[in-house]
Amino acid sequence: MKKITDEAFLKEVATKAKDSNVVSNYASYPPYSGSGVCDVCNRSLSGVKAYVVPNRVFYNSPKWRARFKSINFMATDADIERMRNLDTSQGSAVCENCIHMF
Ligand SMILES: [Zn+2]
């Protein structure tokens with residue numbers, strides 16, 4: 001999982017996270033404009049529209065969980081919980097092709 005360390009981003013994510021608990025409303029996620037790759041599809045984010053999704057939303061997404069398990073054949077919900085517990089970043093960078101999952 002990519003670490004997002006920009007302070008302004010983290011503050012904005014923390015604020016938005018309060019409102020994005022249930023309903024997917026990705027337009028409200030703060031934009032991500034750094035380098036690196038999408039945390040869902042691993043495509044390069046340079047020149048691509050991307051968003052910062054709070055990890056609480058990221059790991060709870062049924063669509064993302066289904067995709068993750070279909071790609072990682074032996075992955076279970078327990079594996080995802082372990083990943084979530086190990087992930088100390090406060091947000092995940094997601095490209096516009098993948099943001100519909102959140
Ligand atoms: Zn993506």
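I counted the elements and found four helices and three strands in the protein. For these I took DSSP runs numbered from the N terminus, helices being H or I with at least four residues and strands being E with at least two. Read along the sequence, they give the pattern α-β-β-α-α-α-β.

**Ground rules.** This is a predicted model, where local features need pLDDT of at least 70, side-chain atom pairs count only at pLDDT 80 or more, and totals for chains, interfaces and linings use all residues. Residues are numbered from 1 along each chain as its sequence is written.

**Confidence.** I looked up pLDDT, the predictor's confidence in each residue, from 0 to 100. The mean for the protein is 84, and 75% of its residues reach 70 or more. Confidence is lowest in helix H1 (residues 7-17), at a mean of 58, and highest in helix H4 (residues 77-86), at 96. I marked residues 19-23 with a pencil: pLDDT stays under 50 there, and the model has five contacts beyond four places in sequence for them. By contact I mean two residues whose C-beta atoms, placed from the backbone, lie within 7 Å.

**Sheet.** Which order do the strands take in the sheet? I read S1-S2-S3 in an open sheet of three strands, with antiparallel pairing. S1 and strand S3 (91-95) stand at the edges with a single partner strand each, so one side of each has no neighbour in the sheet. Two strands pair here if DSSP finds at least two bridges between them. S1 and S2 are joined in the antiparallel sense over two bridges, and Tyr32 has Ala50 in S2 as its bridge partner. How many bridges join S2 to S3? I found five, again with the strands running antiparallel. On this side Tyr51 has Val94 of S3 as its bridge partner, and Val53 has Ser92.

**Burial.** I call a residue buried if 20 or more other C-beta atoms lie within 10 Å of its own, exposed if 12 or fewer, and partly exposed in between, with C-beta atoms placed from the backbone. Buried residues make up 23% of the 102 residues in the protein. Why is S2 largely enclosed by the rest of the structure? Five of its five residues are buried. Ala50, Val52 and Pro54 point one way from S2, Tyr51 and Val53 the other way, and all are buried. S3 is also largely enclosed by the rest of the structure, because five of its five residues are buried. From S3, Gly91, Ala93 and Cys95 point one way and Ser92 and Val94 the other, all of them buried.

**Core.** Next I looked for a nonpolar core, a set of buried Ala, Val, Leu, Ile, Met, Phe, Trp, Tyr and Cys residues joined through C-beta atoms within 7 Å. The largest one has 17 residues, of which Cys38, Ala50, Tyr51, Val53, Ala93 and Val94 touch the most other members. S2, helix H2 (55-60) and S3 are the elements that give two or more residues to this core, and S2 gives the most, with four residues.

**Loop between S1 and S2.** Asn42 lies in the loop between strand S1 (31-32) and strand S2 (50-54). Its phi is positive, about 65°, although it is not a glycine. Most residues other than glycine have a negative phi. Is Asn42 buried or exposed? Asn42 is exposed, with 10 other C-beta atoms within 10 Å. Asn42 and Cys95 are 53 residues apart in sequence, yet 9.1 Å apart in space, C-alpha to C-alpha. Ser46 has its place in this loop too, between S1 and S2, and is exposed with 11 other C-beta atoms within 10 Å. I also noted 7.8 Å between the C-alpha atoms of Ser46 and Ser33, 13 residues apart along the chain.

Last entry: residues 24 or more positions apart account for 71% of the protein's contacts with a separation of 6 or more.
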